[in-house]
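Dear colleague,

I am handing over a structure for you to look at alongside your reading.

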Amino acid sequence: MVEELKSLDDLKSAVSGVEAAETTIVREPVKDALGRSYATGKRKDAVARVWIKPGTGKISVNGKDMPAYFARPVLQLIVNQPFGVAGVEGEFDVYATVAGGGLSGQAGAVKHGISKALQLFNPALRPALKAAGFLTRDSRVVERKKYGKAKARRSFQFSKR
């Protein structure tokens, strides 16, 4: 009986060891025929389609240079964040098309798309981008308006008489 338990424990440890070995995921780079990686980024109501390829650091959004499209320096900073975290500034050209939402949401969507495309292009960059939280879609969206309310939560002005 004791030998059976011992062998069952050995069997369990061997099975858990095999399961642990199978669960380690080896990620392969995902590139198209032109050597680009593609990803979709989202933020609020904005959706960005992003292609990255090795280059000189040129970023094009909807056919315009990034400084022309995102005029505010804060938005340019947001778009460039993934490159700084991954430590690959100026090594990739980015072509993005973005639709929906406002400029702030669009900048966040492009940032999300760049992050996802970078980790597809080079899986070694994934831990840094994941630790910074750039691979997670920011799920905060505008709350819907409710009936009987002026806005989502604001009540109509109260009048005693």
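What follows is a short account of what was found in it.

This is a predicted model, in which local features need pLDDT of at least 70 and side-chain atom pairs count only at pLDDT 80 or more, while totals for chains, interfaces and linings use all residues. Residues are numbered from 1 along each chain as its sequence is written, and side-chain values use heavy atoms, with hydrogens and water left out.

Helices (H or I, at least four residues) and strands (E, at least two) are DSSP runs, numbered from the N terminus. Strand β5, residues 92–99, has six of its eight residues buried, so the rest of the structure largely encloses it; buried means under 20% relative accessible area with a 1.4 Å probe, protein chains only. Two strands pair if DSSP finds at least two bridges between them. Strand β2 (residues 46–54) runs antiparallel to β5 and is joined to it by eight bridges, with Pro-54 opposite Phe-92. Strand β3 (residues 59–61) pairs with β5 in the parallel sense over three bridges, and here Ser-60 stands opposite Tyr-95.

Helix α4 (residues 103–121) has 15 of its 19 residues buried, so it too is largely enclosed by the rest of the structure.

With best wishes

Definitions and conventions. Buried means under 20% relative accessible area, exposed over 50%, partly exposed in between (1.4 Å probe, protein chains only).
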